[in-house]
Amino acid sequence: MNARKRSGLTQQDVADRLGKPQSYVAKVEGGERRLDVVEFVALAKAIGENPTELFDRLLAALDSIPDE
């Protein structure tokens, strides 16, 4: 979601680029739907991000979450 907002795109903008309903983007952002690698790459490109760099940022964010 932060990457999408930084890009200045709405959920509807991203959904239109992906050919998906807005609810798809909302569910991804809300953690209700997981992405496979191909979907992740398509989503990254739809918001104008480099998929590798976006994945690296995601990993860094996940590393900062304490283990339970």
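This is a predicted model: local features need pLDDT of at least 70, side-chain atom pairs count only at pLDDT 80 or more; totals for chains, interfaces and linings use all residues.
**α2 against α3.** Helix α2 (residues 11–18) and helix α3 (residues 22–29) pack at an angle of about 115°, with their axes 8 Å apart; the axes are lines fitted to C-alpha atoms over the stretch in contact, and angles run from 0 to 180 degrees between N-to-C directions. I took helices as DSSP runs (H or I, at least four residues), numbered from the N terminus.

I noted the crossing of α2 and α3 as right-handed, that is, with the near helix turned clockwise from the far one by less than a right angle. For the contact, meaning heavy atoms within 4.5 Å, I listed Q11, Q12, V14, A15 and L18 in α2 against Q22, Y24, V25, A26 and E29 in α3. These residues divide into 6 nonpolar, 3 polar and 1 charged, where Ala, Val, Leu, Ile, Met, Phe, Trp, Tyr, Cys and Pro count as nonpolar, Asp, Glu, Lys and Arg as charged, and the others, Gly among them, as polar.

**Conventions.** I kept the numbering from 1 along each chain as its sequence is written. Local features need pLDDT of at least 70 and side-chain atom pairs pLDDT 80 or more, whereas totals for chains, interfaces and linings use all residues, and side-chain values use heavy atoms, without hydrogens and water.

**α2 against α4.** I then turned to α4 (37–46), whose axis comes within 9 Å of that of α2 and crosses it at roughly 120°, so the two helices are oblique to each other. This crossing is also listed as right-handed. V14, R17 and L18 of α2 make the contact with A42, L43 and A46 of α4, and by class I recorded 5 nonpolar, no polar and 1 charged residues.

**V14.** Leaving aside its neighbours within four places in sequence, I found V14 in contact with R4, L9, V25, L43, A46 and I47.

**α4 against α5.** Last, I checked α4 and helix α5 (residues 51–63), whose axes come within 9 Å and cross at roughly 105°, and which are therefore roughly perpendicular to each other.

Methods. Angles under 35 degrees count as roughly parallel, over 145 as roughly antiparallel, 65 to 115 as roughly perpendicular and the rest as oblique.
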